[in-house]
Amino acid sequence: MATLEDGGLVSPPPKPYKPPVVAPGHTTTTVTDKISEVVLQRTPKWWFLGFAASFSLLMVFLISVTWLFAKGVGIWGINWPVGWGFDIINFVWWIGIGHAGTLISAILLLLRQEWRTSINRFAEAMTLFAVACAGMYPILHLGRPWLAYWLMPYPNTMNLWPQFRSPLIWDVFAVSTYATVSALFWYVGLIPDLATLRDRTRSRVWKVIYGFGAMGWRGSAAHWHNYETAYLLLAGLATPLVISVHTVVSFDFAIGIIPGWHATIFPPYFVAGAIYAGFAMVLTLAIPLRWAFGLEDFITARHLQNMGKVMLATGLIVVYGYVMEIFFGWYSGNLYERFMLANRVVGPYRFHWYALIFCNAVVPQFLWVRRVRTSPLWLFVISMFVSVGMWLERFIIIVTSLHRDFLPGSWGIYHGTIWDWGTFIGTMGLFLTLLFLFIRFLPLISIFEMRTIVPGGPRGGEYTEVPR
Amino acid sequence: MDSVKPKAKCGAEASAPAGSGRPGVAEIRERLREKKGPEFWRSLDELAGTPELEEMLHREFPRYASEWPEGFSRRRFLQLTSASLALAGLTGCTRQDVERIVPYVRQPEQIIPGKPLFFATALTLGGYATGVLAESHMGRPTKIEGNPDHPASLGATDVFAQAATLTLYDPDRSQTLLRAGRPGTWGSFVGEVSATLRSLQPLGGEGLRILTGTVTSPTLADQIRRLLTAFPRARWHRWEPAAPHQAQAAAVRAFGRPLDAVYDFTQADVMLTIGSDVLCHGPAGVRYAHDFAAKRRVRANTMAMNRLYAVESVPANSSTVADHRLQLPPDQLETFTLALAQALGVAGGGGAALADETARTWVRVVAEDLRAHAGRSLVVADEYLSPAAQVLIHGINQALGNVGRTVNFIEPVEADPVDQLQSIRALVADMNAGRVDTLLMLDGVNPVYTAPVDLRFAEALQKVRLRIHHGLYQDETSEYCHWHVNAAHELESWSDARSFDGTVTILQPLIDPLYEGRTAHEVLSAFSNRPDSTSYDIVREFWSGRLAGLAAGFDGRATGESGGLTTTLGMGGFSGTIGDAGAMTRGSGAGAGTGLDAGQNTGGQMSQGGTAGAGGLLQSGVSDTASDAAGTTGSVASGAGAPAAPAGTGAAAAPAGFETAWRRVLNAGIVPNTAARRVSAAVAGGAVQQAAGEIVSAARNRAEGRVTLLVRPDPTVWDGRFAWNPWLQECPKPISKLTWDNALFLSPRTAERLKVDFHETVAVSAGGRELRGVAVWVLPGMADDTALLTLGYGRRKAGKGTGQGFDAYALRASNALWTVPGVEIRPLGGQYTLACTQNHHMIRGDEVNEDAEASDQAMKRHIVRTGTLEQFRQNPEFIREQRHIPPDDMTMYPNYKYDGHAWGMAIDLSVCTGCSSCVIACQAENNIPVVGKEQVLAGREMHWLRVDRYFYGDLDAPQIHNQPVPCMHCETAPCEVVCPVAATVHSDEGLNDMVYNRCVGTRYCSNNCPYKVRRFNFLRYAPKDDPLLAMAMNPDVTVRMRGVMEKCTYCVQRIEQAKIESKVERTPIPANWLKTACQQACPTGAIVFGDQNDESWEVTEWKADPLNYGLLEEINTRPRTTYLAKLRNPNPALEPAVKGSEHGHA
């Protein structure tokens, strides 16, 4: 049964004192029991309720998309001059959310931030699901979605390649690479835990299923050796992708010549925004989950506080981006840029802009307060605000830039239709459905990595009171 | 049905053998002896008038089919259901034309698949003709171009003519003859008419009335005259709702008889329009715009420019190109006229004074300027202005010595002109008095909808025994009629019509009537003793005695004089050289095609469409006659070939030389020497004083603080006759940019005073009548206390136009047809959303007025660069000096060298009136779909070419600028780099091509386009399923599916055809030969297109002009479509008054 308790071959490096990230009293066994129990226990009632709700939303998605394919993108609110609306807003929003997982898993792994261990698994899962949601939009938003494969470079009788100067082609590569690497990284990380579940489950069916997933993992030294190498390599691969994906997404706008899009600040500002949104989403999910499964011992206040700190830091970068946008708009003396900025503040979409500033720049300032940073409720509320704020940010960038661009004669206005909302809410349904399936059938915290950090584990420290 | 014999008559059948349904032969014989039956009978039943037949007639369909029987059993129900199912298939069993599906054994001489033919014909509006060349592809007309030789066209058209092809194929057109609302036959119609005529014969036609619109057709007028001769007590009434009734009244008062005024803008240096949209309105608008522009255009070598003052109550297209614009409420407008007359010494002093200081300055300055240009000036009155004011203007023109120079008077073009208001009043009075037995309403008149509301036409109409309506549509009037005869469209008809100067054009059909529609000639012939004459026979017969004389010596090359307007006829259409004929079609000058002349001289009769020649290069040549074509194209596979006219019937009696003359006249599209005679006329002395007195007393009686409602024809649906046409419904109305609706236009100040805003509904009441739920539109440029509601909306029956807008006719009483004073406007608090294509958008109930913001930004961004003639004289480079053009070499890559062609376009803003002909021309040429009001509201109209309108300066008295915006075909196109699939790419001739097949629809190109000229098929807009609308499509242009981006291509299909021909001919494309659709339709010639690499093209010259500038060129898109800055020629004496809004270039 418990074969892996002392399996870690990596010898702990000498390190300075750090408060541990697991509540006191846990051993490798209790960690394994506690986390695998979430999967192996009888399905709690609330799960069915939650799943049913999510699945209903998924059906909304199905209906919206069916109607979309039947009628065309005209069922949405897009028009000219605003050719992109909810479709691209949601694409960028979801892909932004999809940043936190890989950042937590890869970058924090490389930086040896052990506190990441208890959140990386579901953060990665969330990343995958968010990327799945995001990845659908570029296809859904096409006028002729059945020709989406034309965006892929493949040899064809027309002897035509995609147009490599277009950022949309870069998007195809960036997003698909990111999705592939994230999926691999997540799966590789799951293998030892799947083996644990295989060994622990009493159901024959699940034994086979988990056994398949575990790919014959037996925890031998050779396994561990190869595994660690592979995991580190993947982490190394994923790290630049975190930066590149949203940089490329920001090029969708920065390459354009529309005032409000055409700005050099976009790549860093987008990446920071993505991490900001991603952490907000991790918090939004982690706080109810730890409560529901009683995982407060593993996802401790320290985790929450750290995530709060990351949010504060990236939030400030985003605010810096806003300030710089305004400064350069003014400093450039460019008529169009100046008008665009003024129009954001006093134009038809001013309320969206005020809401954006409130959500993204004002509310997170509460995170300076330690009491707020360590309070799950406060954090939950703030991260909700940030999620909304980041959505509004994309709305502002896309819609307000387009709706009044160069020629006053072609100004217009945009608002989403019921089908825009249906598709958006529908993708939330997809996301939540996948998430509910995930938390039910896979360990939402990495068991084997947690074992390494409890006292007595390979990297375990001493018991300390976690400051609350 | 009134025609039904009363049931009581069945009593006569009492003697029929009981039990037997049919009378015996002997009995029939007996009955025949007793009474006089019809001369022809189809069956013994009919002859005998049995009860069965009576019932048959009564029911139209036999028993059980027309009503629900009593005691209905399940079995019976099933029987009927199955029978109707089985019979449903039979309704499709109408006899179809024979279709031959074998390929041509012998190629018809003129039909070459893929090459269109052009036929000279005419389209009418309010009776007046505009000569056009109709493009026909394999027997189906697809596009209308102006006839360069026609005085009302000179090669251009208005919006209505451009939209004619859609009306032709409109699925909402009346498709069958109706008798009491059910399908009938022409034979039964003729039968009933003959019966009626026989009964009226002894009375001399007492009770027979004909109602038409304005008739200029000599043939139709002749037919009516003959009818009136045969039935001396019959009467001919006329009602054209938007005819210039007041102008006619003014002429009668001034000259003692009706005369038409014809202006010559080529002779005028200083012009004043009083409320008039003379450059963009009425039968001569296209011609006047052309002549005006000719004197307006300034180039470096011609530093002269005419000057136009516009005084008006509602912003008109003409005033957007005016040098000075003054807004005055309607009553002040009349006072202004009087003051001007006084200042010029036409009328005596005293009386009304102008309230406005600016207006007083205007009177002084304008009078001075007009006097300084006596004989070379022109004052044009709005034809809907009060007769008194128009009399004064006649007086002013006379005093200035303009008569005979810039104003000429001609005998009325209308046949037998009458006071139409009196005419319809008399008709209604007679109908009410029961004096009308039979009323024939010809040629689409719709008096139930258009007659003055106080006449209550519909009520009176019901007192008429037999009511016959003839029109293209089943409309409000046809609902009240016993018979509705579906009319043939003008493109399906033989007819004739006169243009504004009297020149006659023979209308020839392009296609057999799609629904066996009848022309007015044919309907009238049913009232004659030759009821089955075709309109071809009728028209030919009319001209057979006349044409040879008129056309003597007419070889098509002579430069003729028509009504004082010089018309160049030298288009070589008759020379037999295809090259010259081609030049006529798409070229701009005679002889342009000589280099390509294939020399196929066919001796007078031009047979073009030959395999070679420049005629083909222009896709065309002007075809000879349709009858000629018909002889060879009877077996066109589409079955829609040119109609086979029964040649010979009319020609048999024709004198020698007629045939030749007929063909020449058809070919040219004009009948020579038919322009109306010029007459000298002097204003009667008393008339002016009387008019002045009237204006003074009217001014005294003015009700303060009340709004004056102006009723005018709509710029896109006219009097309502085009309400069915979706192209015109969706064409943004000039200045307001509204689509699909009219609205109550108010000035910003008046709207504020009345506390109403955009889209809000009001009740408008005047003269005891109230129109509720009218939506308001606040329009800068409107005079205060003035409201405008255009005609043609609020229709009950108008196909896709049904229920759109608000019915101005409901407020239009016979005593105030065009100006309704003392109107009360009461807010109702409701909302009616209007679809506007420019600015003004609803945001969650909040109205954001973008006009001020947009005009401010447009000015800052130099969207429309403007300047004055004086600036230009002092420094011709002043526009160039304002421009910021990034250097050409500021690029990492070398610039592409265009070795062959380099297409480009230039648009002269100085002369663009915003009439929107180009918009519809583009729509017709490029198969651009209509999207409907909902989609326009969503911001998705598909027009490839739009006309942007900007207000500059004071919102209460703005300058208005028009700017047509097609694709700029940028050298460094922002759309091209962002398309992921290379669906939009640059051609080696500088075109920004759109590859529809490759487009996946990311819309990134549209987002990145600074000009927002790309249009996306958000839904499936193309009418794919309708075979009729499919016929309207240009076969040279792809019909786009949903999800595909599209945009202006510079009419690449025309370019490619020209290139192919040029390759075949091994000759370069002659300069200025190739025209885009918008260019060809433009009345003022504001658009030129061509090869920038070739100096002989006009476009090269325009591009080199110092006034040339690129839109947003500072962002380095290097647009290929450029603009010539809008120059004005302001009067320095008025300059301080408008200083604020001057120098729009700032």
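Predicted model: local features only at pLDDT ≥ 70, side-chain atom pairs only at ≥ 80, totals over all residues.
The secondary structure of chain B consists of 37 helices and 43 strands. Of the 1146 residues in the chain, 62% are buried. When contacts between residues at least 6 apart in sequence are considered, 74% join residues at least 24 apart.

In the interface with chain A, 61 residues of chain B are in contact with 61 residues of chain A. The size of an interface is often given as the accessible area lost when the parts come together. For chains B and A the buried area is about 4,900 Å², and carbon and sulfur atoms give 57% of it. Two salt bridges are found across this interface. A salt bridge joins the side chains of A:Asp405 and B:Lys1012, with an N to O distance of 2.7 Å. Elements of chain B that give two or more residues to the side touching chain A include helix H27 (851-860), strand S34 (946-952) and helix H33 (1004-1008). H27(B) provides the largest share, five residues. By class, this side of chain B has 31 nonpolar, 13 polar and 17 charged residues.

Over all chains, the count of salt bridges comes to 55. In one of them, B:Arg712 pairs with B:Asp382 at 3.2 Å between the closest N and O atoms. B:Arg712 is in strand S22 (residues 707-712), whereas B:Asp382 is in the loop between strand S12 (377-381) and helix H13 (387-399), 330 residues apart. Both partners are buried, with relative accessible areas of 13% for B:Arg712 and 7% for B:Asp382.

A salt bridge also forms between B:Arg749 and B:Asp956 (3.3 Å, N to O). Because B:Arg749 lies in helix H26 (residues 748-754) and B:Asp956 in the loop between S34 and strand S35 (959-965), the pair ties together parts that are 207 residues apart in sequence. B:Arg749 is partly exposed at 44% relative accessible area, and B:Asp956 is partly exposed at 22%.

In the salt bridge of B:Glu971 with B:Arg1120, the closest N and O atoms are 2.9 Å apart. The two residues lie in loops, B:Glu971 between S35 and H32 and B:Arg1120 between strand S41 (1108-1110) and strand S42 (1121-1124), so parts 149 residues apart in sequence are tied together. B:Glu971 counts as partly exposed at 23%, while B:Arg1120 is buried at 5%. A network of salt bridges links B:Lys143, B:Glu145, B:Glu925 and B:Arg1054.

Definitions and conventions:
Residues numbered from 1 in each chain as written. Chains lettered and ligands numbered in written order. Heavy atoms only, no water. Helix = DSSP H or I, 4+ residues; strand = E, 2+ residues; numbered from the N terminus. Buried < 20%, exposed > 50% of the residue type's maximum accessible area, 1.4 Å probe, protein only. Contact = heavy atoms within 4.5 Å. Buried area = accessible area lost by both parts, 1.4 Å probe. Salt bridge = Lys/Arg side-chain N within 4 Å of Asp/Glu carboxyl O. Nonpolar A, V, L, I, M, F, W, Y, C, P; charged D, E, K, R; others polar.
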